[in-house]
Amino acid sequence: MENNQGQQEFIDGKENAEDIKRLLLRYLSYWPYFILSVFILTGVAYLYLRSTPPVYQTTSKIKVLKDEGAIDMSGFQGSSPLIDMTKVNLENESEILKSRRLTSNVIKNLGLQTSVYLKGNIRTVELWKDEIPFEIIWENKDLDKLTTNQYEINFSSTEKFSIEDTETSFKKEYSLGELITHEEAKFRVLIKDGVETNKYLNKTFFFAHKPLELLITSITSKINVENIGQRSEILNIFLNGQNKQKNEDIINNLIYQFNFDGIEDNKKLARKTEKFVVERLKFLNQELDTVESSLVDFKTESGLITVETSAQELFGKNTAAEAMFFEVSQQLLLVEDFQREIDEMDDFELLPANIGISDNGVNQFTTDYNKLIMERAELLVSSTDESIQIREINKQLNQVKQNIIRTLASFKRQLELRLEKIEKRESSTKGRINLLPSQEKEINEIARQQLVKQRLYVFLLQKREEATLSAAVASDIIKVVDFAYTNPNPVSPKPKIIMLGSILLGLIIPFGIVYIKFLLDTKVYTKEDIKLGIGEIPIVGEIPFEKEYQNKVLSSSDHSALAESFRILKTNLKFLGKTYHFEEKNKSKVIFITSTMKGEGKTFTSVNLASILATNNKKVVLIGSDLRNPQIHNFLGLNKATRGLSYFLYENDAKVSDITIKGENIKTKFDVILSGEIPPNPSELLSNGRFEVLIEQLKEQYDYILVDSAPTILVTDSLLIAENADFSLYMIRSGHTDTQLLEHIREIYKKKKLKNMGIVFNGLKDNGAYAYNYGYGYGYNEKAKSRNRLRFW
């Protein structure tokens, strides 16, 4: 059993391989179209590459330096800057680089509003700076809004040139330096100094002036700025364009404008800082004068010169006591807030941690409580409140919470005791201070104010000098890592990709067309199509299409592929008899030839099969039973009105000899019974019993009786007399029979409406997508050999 399964798998695999081969050969039959399509599209791609100017990518790298423009207060009691601007925001810098304001400055600085092109034989290229042999001097006042059409300029000599508006009929000749006025434009054309004449004579140039806003939008859309890394302060700047030098000049100038803009911003900040410091110094100078005058006046009035050491000691103790009082009071407030938080919070809620309580026990218990809360939350993802683990954690949480409450209460009592002691100490100190003269306190307050203002005054004097230097000498805000560099290989168009794409497209287009053709074509072309449609019906003959034999009758000496196919059909009739267990010696055989519809070659097959069967002294008669559309007379050159089958069926006294045409009379080896005149009621005549009489009488005289019957799909004529047949040959024509009609043939076979059916596949061609390449005609004639040699595969 396993062996049979392996054999079946081998057969299935071989059939699949054959199907793939046939499918491939169907497409390869259109190989000239594939080659033509590839040739055309590669030609178009080549012309596109030749006519399209290459686009190059120019890159540059800059490092954005940190901004030190804030007022640094680090020299004043260890303070930090008032505004911290040391961090570089590269996203902001990128947007500034691509801003319309900087781009506008670049355009004006480089004169980008005027573009000049050189017209070549195949492509037009953009020129830049030294590549341009002439210069355009615009006389318009508002150039930013000026828009001109594209002008074509040709230099006929070193002094004369013609200019033409490519969009209008304007064309005129001018001299160098002459004012040209056209529509809104006013300009002059001059040849640059030192330019050789061969660079501009007999050459065609184009130029145009673009409005500033439109050009800004165009350039900013082409500039791309990227950060090379998250922690990096380096920016990559990209620009794509046709002219390498122009790209590099734009990027380098953009970097210059960006740096210049940043320097100017720093200068403005420095000047503003200087102004602020100067104003503040004036105010402090006045305050210092006031404080010093107050001190002199007070000492004069009080008669005091120095502050005694005891007073300084008392003030120091008072200050320390006040600091301790503030610290303990703050701790006490934090403890009370924490107790309130514990009382008001929900069960199993996180406690605030590290709020400033100095007691380590409280902080440790709080940390433990929060850890248990988070552990409980994680367990609840996969457990319920009733689980043993949750209950255990709930128990621990209650214990820790009670510890926190007890520890807080104990710490609060300690703080309250400390606060009482501090208040007593502070009260004692204040009492001792009150014993000092009130003038002493006033002197201390004035001295403190004087010291603070003096230090601030000195600091601001230093910052004024720094701001003055910053405004005078501003440093760069960037460092150029790499100046603009253009990759020599263009980014577009890419020749390899375009040529490869054209080749692929050249193959895909004809493939798609052929595929759609195959998809929409529902005709039968191959034996495989027949097998898929009708399955088990045997194919007994395959008749090739030979145009020169369309209206001819084969002779016994003919050895063409067509003749050989009919000889094979003759042989296969014997095997068809074995297939249907029909084999009786010395008995006349009745063979019906029919089809689904007209034009499938049943008459052609009937005539030529009769001719082949008539060899070897066999007696053959051909009957035209298609009473509606007879065609046998056309092949044999007979009169359609000749008395035939219709006469015999209608006249009961008619004899077989009355309607039979002997072969010697028409130069064939078989006899013929034509259809005769077309009757008004063919079906009634065929079913009146006279046809059976005719067949029985003919069996006594002939070895083979061939009946060319009517098509089966439109009329029932053939089915009415089908019982008289020993074999039924059903015609299917390649490229003519629709696959939807195969179900009709299959139904006839299943219901046995025709006896011992066999399929004859007609009209097979030896070229094209469905080429008939089974080898008919091998060695029999030179034509067959030549045809096989010319076949693509």
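Predicted model: local features only at pLDDT ≥ 70, side-chain atom pairs only at ≥ 80, totals over all residues.
Residues are numbered from 1 along each chain as its sequence is written, and side-chain values use heavy atoms, with hydrogens and water left out. Helices (DSSP runs of H or I, at least four residues) and strands (DSSP runs of E, at least two) are numbered from the N terminus.

Nonpolar side chains tend to be buried together in soluble globular proteins. A residue is called buried at under 20% relative accessible area, exposed at over 50%, and partly exposed in between, using a 1.4 Å probe and protein chains only. A nonpolar core is a set of buried Ala, Val, Leu, Ile, Met, Phe, Trp, Tyr and Cys residues joined through side-chain atoms within 4.5 Å. The largest such core has 35 residues, and F566, I591, V620, F670, L706 and L729 have the most contacts inside it. Two or more residues come from each of the strands β14 (539–544), β15 (589–595), β16 (620–624), β18 (704–708) and β19 (727–733), and from each of the helices α13 (561–579), α14 (602–613) and α15 (632–636).

Contact means heavy atoms within 4.5 Å. What does I591 touch, leaving aside its neighbours within four places in sequence? Its partners are L573, L613, Y704, I705, L706, V707, F727 and L729.

Helix α21 (742–750) has L742, I745 and I748 as buried residues. Seen down the helix axis, the buried residues of α21 fall within an arc of 120°, so they line one face of the helix. The arc is taken over the directions from the helix axis to the C-beta atoms. The cover over these buried residues includes α12 (527–534), β19 and β20. After α21 comes K752, with a positive phi near 55°. K752 is not a glycine, and its place is in the loop between α21 and β20 (757–764). With a relative accessible area of 66%, K752 is exposed.

L500, L504, L505, I508, I509 and I513 make a nonpolar patch of about 560 Å². Patches are made of residues with over 30% relative accessible area and no salt bridge; like charges are joined within 9 Å, and nonpolar side chains (Val, Leu, Ile, Met, Phe, Trp, Tyr) within 5 Å. The accessible areas come from the Shrake-Rupley method with a 1.4 Å probe, and for residues only the protein chains shown count as cover. I508 belongs to helix α11 and is exposed, at 53% relative accessibility.

Side chains of opposite charge can pair when their charged atoms come close. The structure holds 13 salt bridges, each being a side-chain nitrogen of Lys or Arg within 4 Å of a carboxyl oxygen of Asp or Glu. In one of them, R188 pairs with E139, and the closest N and O atoms are 3.0 Å apart. R188 is in strand β9 and E139 in the loop between β4 (134–138) and β5 (151–155), so this pair ties together parts that are 49 residues apart in sequence. R188 is partly exposed at 28% relative accessibility, and E139 is partly exposed at 37%.

K699 pairs with E696, with the closest N and O atoms 3.8 Å apart. Both lie in helix α19 (690–699), three residues apart, or about one turn of the helix. E747 pairs with K751, with a closest N to O distance of 2.9 Å; E747 is partly exposed at 34%, whereas K751 is exposed at 53%. Salt bridges with shared partners also join K602, D626 and D708 into one network.

Two backbone features remain. E183, a residue other than glycine, has a positive phi near 55°. E183 sits in the loop between β8 (180–182) and β9 (185–191) and is exposed, at 58% relative accessibility. The peptide bond from S492 to P493 is cis, with omega near -10°, and P493 is in the loop between β13 (478–486) and α11 (495–520).
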